[in-house]
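Take a look at the chain below.

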Amino acid sequence: MKKKIRVIASLLIMTCCYFFSINQSVAQSSIEVDPLVQELVILKAKMTENNELNERYKVQLFYGINLSEANKIRNEFESKFNEWPSDIVFETPNYKVWIGDFRTRLEAERAFIKLKKYFKSAIIFKP
């Protein structure tokens, strides 16, 4: 009986030593990172801050070739709403009036419901 207890105890001690050595080797390992990775992380942070990744939703109120009509729609929007930013974007040969910078589709839907009453051609999109 004592022999069995000694065998079990020695197996238990060896198992503990084995797992301890594995943990030590994992804890001491290090990862070398290419310096370009850090530059990419910084670049992505700047692009996200400046909203250059276009990961947000917008509402389009106007699409056409007439700049004066685009300005008219934008002025009408700004006279009725001041809670969202507006832009006129030119993509050859069309002008587009874009509203907002919504993080989620739900936020865009809420704005769309308010805007649709005044601007019948409004649509939600993700640039």
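## Starting from F119

F119 touches L61, I73, E76, F77 and F81, leaving aside residues up to four places away in sequence. The model behind this report is predicted.

Where does F119 sit? F119 lies in the loop between α4 (105-116) and β4 (123-125). Is F119 buried or exposed? Its relative accessible area is 3%. The cut-off for buried is under 20%, so F119 counts as buried. Sequence distance is another matter. F119 and Q60 are 59 residues apart along the chain, and their C-alpha atoms are separated by 9.5 Å.

## The nonpolar core

The largest nonpolar core has 20 residues. Which of them touch the most other members? They are V59, L61, F77, W84, I99, L115 and F119. At least two residues of this core come from each of β1 (57-64), α3 (67-80), β3 (94-102) and α4.

Not counting residues up to four places away in sequence, L61 touches I73, F77, V97, I99, L115, F119, S121 and A122.

## Strands around β3

Now for the strands. β3 is mostly covered, with 8 of its 9 residues buried. It has pairings with β1 and with β2 (residues 86-91).

| Pair | Direction | Bridges |
|---|---|---|
| β1 and β3 | antiparallel | 6 bridges |
| β2 and β3 | antiparallel | 6 bridges |

G64 stands opposite Y95 in β3. D87 has W98 in β3 as its bridge partner. How many residues does the hairpin from β2 to β3 pass through? The hairpin joins the two strands through 2 residues.

In a regular strand, side chains alternate between the two faces of the sheet.

## A patch on the surface

I31, V33, V37 and V41 form a nonpolar patch on the surface. Together they have about 410 Å² of accessible area. One of them, V41, belongs to helix α2 (residues 35-49).

## The whole chain

From the N terminus on, their order is α-α-β-α-β-β-α-β. Of its 127 residues, 24% count as buried. The chain exposes about 9,900 Å², and carbon and sulfur atoms supply 59% of that area.

What share of the contacts with a separation of 6 or more comes from residues 24 or more positions apart? The share is 65%.

Technical notes:
Residues numbered from 1 in each chain as written. Predicted model: local features only at pLDDT ≥ 70, side-chain atom pairs only at ≥ 80, totals over all residues. Heavy atoms only, no water. Helix = DSSP H or I, 4+ residues; strand = E, 2+ residues; numbered from the N terminus. Buried < 20%, exposed > 50% of the residue type's maximum accessible area, 1.4 Å probe, protein only. Contact = heavy atoms within 4.5 Å. Core = buried A, V, L, I, M, F, W, Y, C linked by side-chain atoms within 4.5 Å. Patch = residues over 30% accessible without salt bridge, like charges linked within 9 Å, V, L, I, M, F, W, Y side chains within 5 Å. Areas by Shrake-Rupley, 256 points an atom, 1.4 Å probe, with all protein chains shown as cover. Salt bridge = Lys/Arg side-chain N within 4 Å of Asp/Glu carboxyl O. Pairing = 2+ DSSP bridges.
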